[in-house]
Amino acid sequence: MSSASLKNGVERSSGVVTAEEKKDQNLAVEDQHFLALTHDLEEAKNTIEKNDENVVLKRLPKLASSIDSLNYLTKGSGVVRLNSAALVSNMQSSKLAFRKIADPIKIKRENKEAKEATAGEKWFHMPKTELTPTIKRDMQLLRLRNVLDPKRHYRRENEKEVPKYFQTGTIMEGPTEYFSSRLTKKERKQTLADEILANEKAKAYFKRKYDEIQTVKASGGKNFYKSIKRKRNRR
């Protein structure tokens, strides 16, 4: 091999090595730039987080460092108990209570119920009477009072429903009505229906009127003609 060829080969090999080294150097420089950039980004992130924490801490109320948490606990006979003297009093707890928001629909319903519970100021707030079976029976007798006594006449009532607001009581006779309007102890009963049923004259009157009504209603029927035939056969 000639000396000229050897020289050219050495130059080519030296040229190849130089290109690889340059490539490695470029990669190393890029890595350094990337590391520096990531380092700067991390520092910026840490700075932002610290600033956010400082802002949040500024918004939060500061706690008194002089308060000792052990003051709320007491030790005795190996048992840890709560110190009642260190607790918040009722007056302080009322100041710390949350504000209650009233429901307008609930308030409206409660006001309506309270208004309907009485008859109003004009009637001195007369309360609503609970309708029991005894009261319903007495109210029905008052409506039919035209039938109870044939010698008395009352004004006709147009109201069919029982009133919401009313009161019941006992009428006490005066000293001048001792013989005319006084009821004896035997005649006094607990309800109006018991007093009417205990009256013998009223019972006889009711029975007679009932028989008359049944006779009128039964006229024209089979029993009516059968009774007429029996009367004819007796002749």
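You're looking at a predicted model, so start by colouring by pLDDT. The protein chain averages 75, with 74% of its residues at 70 or more. Select residues 104-116 next: this is helix 3, where confidence is highest, at a mean of 91. Then jump to helix 2, residues 90-95, where confidence is lowest, at a mean of 53. Residues 9-16 are worth a quick click too: pLDDT stays under 50 there, and the model gives this stretch zero contacts beyond four places in sequence.

Now for the largest pocket, about 1,900 Å³ of space. Pick Leu142, Ile171, Leu192, Glu195 and Ile196, which lie nearest its centre among the 39 lining residues. Show helix 4 (133-143), helix 5 (145-148) and helix 6 (192-198), each of which supplies at least two lining residues. Helix 4 gives the largest share, five residues.

Last stop: helix 7, residues 200-218. Its 19 residues reach 27 Å from first C-alpha to last, close to the 27 Å expected at 1.5 Å a residue. Zoom in on the start, where a side-chain oxygen of Asn199 comes to within 3.3 Å of the backbone nitrogen of Lys201. Finish just after the helix at Gly220, which takes a positive phi of about 95°.

Definitions and conventions
Residues are numbered from 1 along each chain as its sequence is written. This is a predicted model: local features need pLDDT of at least 70, side-chain atom pairs count only at pLDDT 80 or more; totals for chains, interfaces and linings use all residues. Side-chain values use heavy atoms; hydrogens and water are left out. Helices (H or I, at least four residues) and strands (E, at least two) are DSSP runs, numbered from the N terminus. The expected span of a helix is 1.5 Å times one less than its number of residues. A polar contact is a pair of N or O atoms within 3.5 Å; within protein, one must be able to donate a hydrogen and the other to accept it, and residues adjacent in sequence count only if both atoms are side-chain atoms. On a 1 Å grid over the protein atoms alone, a cavity is a set of points where a 1.4 Å probe fits but cannot get out, and a pocket is an open set with protein on both sides within 12 Å along at least five of seven lines; lining residues have an atom within 4 Å of a point. Grid points are joined across faces, edges and corners, and a volume is the space filled by probe spheres set on the points. pLDDT is the predictor's confidence in each residue, from 0 to 100. Contact means heavy atoms within 4.5 Å.
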